[in-house]
Amino acid sequence: MAYRVNTIISYIFHPLLMPSMTFLILYWLMPELIKPLTLVTLPFLFITTFLIPLLSISMLRVLGSISSLKLENRQERIMPFSFVSIFYGMTTYLFVVKIQVNETIAIILVSTTILILVLTAITFWVKISIHAAAISGVVGYFLVFGLKSPNSHALYPLLVLILAAGIVMSARLQLNAHSPKEILAGTITGLGICFNILYWFV
């Protein structure tokens, strides 16, 4: 039962879902921050940051390039992460250059892409928790919103996200997917990159 619950938590807070979750929360609670993006734009973001990368990873599984979609083997993570980096880079280019989103959204997309590139580079040498990095990155964004706009609605999602981050990290530990050091490394990397880039460039 505990294994099933922790697995469900890992799926709900899948790293590839974090960009969509971030923009959905912003659209819901702080829509002024994501103008000119609208609810119509969000499904497109979901397709380019979740569905297409997930399909590419699934294709690697079908072709036998990876042994499992869980990517438990460090060396097997390098190729999927590289593909995801390319897809996120293309999405960032599309939204920043073609659609010309505002500065806040542009910085979030750029920092997310940088985070993925850094995680991919780290994976060449050591295994790191992508779940911890992804959820911590989202925490970092809303921490910046809370610090720079104290009167905004950032506090409520921030508290929920901190709680969610703890639940996700606990689930990954209980599933024996990562060691405490790998969780900590992911947390520091995700929080450090996303918080600092958004804080200093917006």
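A residue counts as buried when its relative accessible area is under 20%, as exposed when over 50%, and as partly exposed in between, using a 1.4 Å probe on protein chains only. By that rule A134, at 12% relative accessibility, is buried. You're looking at a predicted model, where local features need pLDDT of at least 70, side-chain atom pairs count only at pLDDT 80 or more, and totals for chains, interfaces and linings use all residues. Numbering starts from 1 along each chain as its sequence is written, and side-chain values use heavy atoms, with hydrogens and water left out.

**Around A134**

- A134 sits in helix α6; helices here are DSSP runs (H or I, at least four residues), as strands are (E, at least two), numbered from the N terminus.
- Skip the neighbours within four places in sequence, and A134 is in contact (heavy atoms within 4.5 Å) with P15 and M18.
- G190 is 56 residues from A134 in sequence, yet their C-alpha atoms are 6.0 Å apart in space.

**How α2 meets α6**

- Two packed helices are described by the angle between their axes and the distance between the axes.
- The axes of α2 (residues 18-29) and α6 (residues 130-148) come within 10 Å and cross at roughly 25°; axes are lines fitted to C-alpha atoms, for helices over the stretch in contact, with angles from 0 to 180 degrees between N-to-C directions.
- That angle makes α2 roughly parallel to α6 (under 35 degrees is roughly parallel, over 145 roughly antiparallel, 65 to 115 roughly perpendicular, and the rest oblique).
- On the α2 side you'll find M18, M21, T22, I25 and L26, which meet A134, I135, V138, Y141, F142 and F145 of α6.
- The residues of this contact split into 10 nonpolar, 1 polar and no charged; Ala, Val, Leu, Ile, Met, Phe, Trp, Tyr, Cys and Pro count as nonpolar, Asp, Glu, Lys and Arg as charged, and the others, Gly among them, as polar.

**Helix α4**

- Buried residues of α4 include F81, V84, Y88 and F95.
- The buried residues of α4 pack against α2, α3, α5 (103-123) and α6.

**Two loop residues with positive phi**

- L71 isn't a glycine, but its phi is positive, near 50°. You'll find L71 in the loop between α3 (41-63) and α4 (74-99), and it is buried at a relative accessible area of 7%.
- N176, also not a glycine, has a positive phi of about 60°. N176 is in the loop between α7 (155-174) and α8 (180-201), and its 70% relative accessibility makes it exposed.
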